[in-house]
There are 2 protein chains.
Amino acid sequence: MSELTNVRTPRVKAARRLTKRSFREQDRRFLAEGPQAVREALRLPDVTVELFATAEAEVRHAELVEEARLQGATVHRASGEVMAELAQTVTPQGVVAICRFVHVPLTDAVTADARLVAVLAHVRDPGNAGTVLRTADAAGADSVVFTDASVDPYNGKCVRASAGSLFHLPVVIGSPVPQAVQHLKDSGLRVLAADGSGKRTLDEVELGGPTAWVFGNEAWGLPEEVLELCDEVVRVPIYGQAESLNLATAAAVCLYASARAQRQASGRA
Amino acid sequence: MSELTNVRTPRVKAARRLTKRSFREQDRRFLAEGPQAVREALRLPDVTVELFATAEAEVRHAELVEEARLQGATVHRASGEVMAELAQTVTPQGVVAICRFVHVPLTDAVTADARLVAVLAHVRDPGNAGTVLRTADAAGADSVVFTDASVDPYNGKCVRASAGSLFHLPVVIGSPVPQAVQHLKDSGLRVLAADGSGKRTLDEVELGGPTAWVFGNEAWGLPEEVLELCDEVVRVPIYGQAESLNLATAAAVCLYASARAQRQASGRA
């Protein structure tokens, strides 16, 4: 296999442009970087289109290269310079995959069976969004909805922060908030806005039933019109002097409180 | 007031060097950046030594400048260039304070009254450490212990991520882990290591009593010798396909589970 050494070759340029949202949307593809993300991508059928690996990574992650070939993906050996061009981290781990979009329609992701759903309503930081996605996965959520006012889950930082979770559970993108909330309600979920303005705290609300949590912006939370759409606004209690929690930790506390209460309600705790 | 415009003046250089740990330790001072951190520093007596503010920030945050002067701190007007030299963020918010160290001895921070303590045993990322500090404050922890193998809490990123919490609750730095764990036990706290290797999950452990949580490294958790020192190793349950939670979110789930259980046990829930 010949090695791609020139960052100006069409293959490298076609991959590199996927670091930009507009090109991702045009090509309906995105980059998954690092062995963990690539491994999780390869667990899904028909997702991995191309794999770039350095000679060193070909040896270290031989099973990934093998699996990519088995799935019919095109495997390229990439020079360190080409890898640095494709990777978005300071110390690239030697593998980057071009993946097909994995999101699904809202009506497929959220059905009447859903018990726990996370909605990112105005989350702007891709690292935070990826962390919430990872936490929702860990807490056993059925799906995660990125509304049209939130960051793109295919952003490289979000993919990395999700630590593979982007490939684990159904993800919805681009839903307008009112449409998402209505569909969640129609599917039998109680829709709770997580916001510091809530009258009741997490500990005062019954969480045993099917629940969707709506998380807002890192700095200013959720706008009034979103709060009004939800069944209730609930706040994470602050027992010390901190003004607030950061978004990803607040989401972790909410999602795990729901997971625990649902397991207790169903006798699985 | 004359404006500091030259980044090479002794005052600016003396402040700038506090971005390095060795100089912080030599001077026993650190930098608090942004209006939120400065406001919280000013709530404590004898902490703020100097304040640098741009002309614009002097107007916007006049109350901070006034309070600093009342406390006898030296206030400097700083040019944008000087502020850029002192601030460690891409978009500086115009105020930076030189503060005296605020940490306290372990025996002052953890007494027989303590109900909830967070221990950062091998946390290396300052952003994570600051987030855990903020979360511990929010969850009503009595104190936070940074052991000698953890990041410096006076690191600029940690101060920022703590969102003022560094000034809210007693913080201990540099304790060797065995000494910290022994003192926590002697103070009547049950010492729980948060680690994926735990046999029991958070939901299976009685958390109503005084508890110290020990958090480990972002990548590899806690070493065997630390696990053995603790009363029990407890894991956050993973209900989905995620391999793990990130450190700050795991800490949030543990600390809030303790806060809830303690309040339920004491009838305050």
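Predicted model: local features only at pLDDT ≥ 70, side-chain atom pairs only at ≥ 80, totals over all residues.
Why start with an area? Because the size of an interface is often given as the accessible area lost when the parts come together. In terms of residues, 32 from chain B are in contact with 32 from chain A.

Now for the polar side of things. Between chain B and chain A there are 20 residue pairs in polar contact, counting pairs with both residues at pLDDT 80 or more. H12(B) has the largest share, with nine residues. Sort the side of chain B that touches chain A by class and you get 15 nonpolar, 11 polar and six charged residues.

Charges also pair up across the interface: the rule finds two salt bridges between chain B and chain A. For a salt bridge to look at up close, go to B:Arg260 and A:Asp203, whose side chains meet at 3.1 Å, N to O.

Finally, step over to chain A itself. The UniProt record, an unreviewed entry, annotates residues 31–105 of chain A as "domain: RNA 2-O ribose methyltransferase substrate binding". In the model, that span is 40% helix and 27% strand, and its end C-alpha atoms lie 21 Å apart.

Technical notes: Residues numbered from 1 in each chain as written. Chains lettered and ligands numbered in written order. Heavy atoms only, no water. Contact = heavy atoms within 4.5 Å. Salt bridge = Lys/Arg side-chain N within 4 Å of Asp/Glu carboxyl O. Polar contact = N/O pair within 3.5 Å; in protein donor to acceptor, adjacent residues only side chain to side chain. Helix = DSSP H or I, 4+ residues; strand = E, 2+ residues; numbered from the N terminus. Nonpolar A, V, L, I, M, F, W, Y, C, P; charged D, E, K, R; others polar. UniProt positions renumbered as here; feature names shortened; annotations may be inferred.
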